[in-house]
Amino acid sequence: LPKVNLVQAAEFLNAWISSGNKKPVFLWGPPGVGKSSLVQALADSTEFGFIDTRLSQLDPVDFRGVPTVIKGITTWNAPSWLPRAETHGERGCLFLDEFFLGSRAVCAAAYQLLQDRAVGDYVLPPGWIILAASNRPEDKAGLTGGTFDSALVNRFAAHFEIVPDVDAWAEWALGSDVSPELVAFIRFRPELLHEFPEGGIPKGRIAYSTPRSLVSAGDIIKLGCAPRLEQAALEGCIGAGVA
């Protein structure tokens, strides 16, 4: 997959949406790299409606809804999480996060929504776009069974792999009240922005450094705890080595 940082991904998505394209786009990347935060920030900056749905929490029936029989004819009650112009706005982003953590049946249920922008009688509002995200197979964190459906991924207009970028993260962090000492440290040791950008997180490793966990580390530093307690908290957040 082509590798882009968060700034480049945001630039493409802004151009894609502004040009009126409605085909879905998929973002891949290691845990904690900022995929979900990117989509949320994009929706905020464009004043879009935003619906964040985790496929890991859905069953297949959650796409089409439950049936109702009226005069001997079965109709389907579309679920409330699907966007409606009158409720969620004329324009927006439906974000299908943790896409391949969903069961195979749930992913299959997404086929029609991705291809035809419809599920049964439900039709996605014209001003809405679908974006999706997942960890990669090598992360051992985001694919049910470690594989994905080749026919399903072909329904997306483009795929990008989000990679950690120190300059992009530092610029965001300094504008988001992240501890400046922490930002300075990551500039000094840029390889620690994400310890496992190529995947392969060791079995049993719980705490490790990512752009997401470093933000939590900054919050710990701000507490001003006694040094020994602060050290323990940082080890529990980003791992003993980075701490």
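## A parallel sheet, its helix and its cores

Strands β3 (49-54) and β6 (91-97) run parallel and are joined by six bridges. Two strands count as paired if DSSP finds at least two bridges between them. The model is a predicted one, in which local features need pLDDT of at least 70 and side-chain atom pairs count only at pLDDT 80 or more, while totals for chains, interfaces and linings use all residues. Residues are numbered from 1 along each chain as its sequence is written, and side-chain values use heavy atoms, with hydrogens and water left out.

Burial is the next topic. A residue is called buried under 20% relative accessible area, exposed over 50%, and partly exposed in between, with a 1.4 Å probe and protein chains only. By this rule β6 is mostly covered, with six of its seven residues buried. In strand β2 (residues 25-28), the residue to look at is Val25, which is buried at a relative accessible area of 0%. Contact means heavy atoms within 4.5 Å. Neighbours within four places in sequence aside, Val25 is in contact with Phe12, Leu13, Trp16, Ile130, Leu131, Ala132, Phe156, Ala158 and Phe160. The C-alpha atoms of Val25 and Ala110 are separated by 14 Å, and the two residues lie 85 apart along the chain.

A nonpolar core is a set of buried Ala, Val, Leu, Ile, Met, Phe, Trp, Tyr and Cys residues joined through side-chain atoms within 4.5 Å. The largest one has 26 residues, and Leu94, Leu96, Phe99, Phe100, Leu113 and Leu114 have the most contacts inside it. At least two residues of this core come from each of β2, β6, α5 (104-109), α6 (111-116), β9 (127-134) and α7 (150-153). Strand β9 gives the most, with three residues. Leu94 touches Ile51, Thr53, Trp81, Leu82, Pro83, Leu113, Leu124, Trp128, Ile129, Ile130 and Leu131, leaving out residues up to four places away in sequence. Apart from this core lies another, of 22 residues, including Ala10, Val33, Ala43 and Ala133.

Helix α2 (residues 35-46) has twelve residues and, at 1.5 Å a residue, should span 16 Å; its end C-alpha atoms are 17 Å apart, which agrees. The expected span is 1.5 Å times one less than the number of residues. The buried residues of α2 are Lys35, Leu38, Val39, Leu42 and Ala43. Seen down the helix axis, they fall within an arc of 130 degrees, so they line one face of α2. That arc is taken over the directions from the helix axis to the C-beta atoms. The buried residues of α2 pack against α1 (6-18), β2, β3, β6, β9 and β10 (158-162). On the other side of the helix, Ser37, Asp44 and Ser45 are exposed. Just after α2, Glu47 takes a positive phi of about 55 degrees.

Gly239 counts as buried, with 4% relative accessibility. Its contacts, leaving aside neighbours within four places in sequence, are Arg205, Ala207, Tyr208 and Leu234. From Gly239 to Glu195 the C-alpha distance is 10.0 Å, across 44 residues of sequence.

The chain as a whole comes to eleven helices and ten strands. Its C-alpha atoms fill a box of roughly 70 × 35 × 35 Å along the principal axes. Of its 243 residues, 44% are buried. Among contacts between residues at least 6 apart in sequence, 71% join residues at least 24 apart. The chain exposes about 12500 Å², of which carbon and sulfur atoms supply 55%. These areas come from the Shrake-Rupley method with a 1.4 Å probe; for residues, only the protein chains shown count as cover.

Methods:
Helix = DSSP H or I, 4+ residues; strand = E, 2+ residues; numbered from the N terminus.
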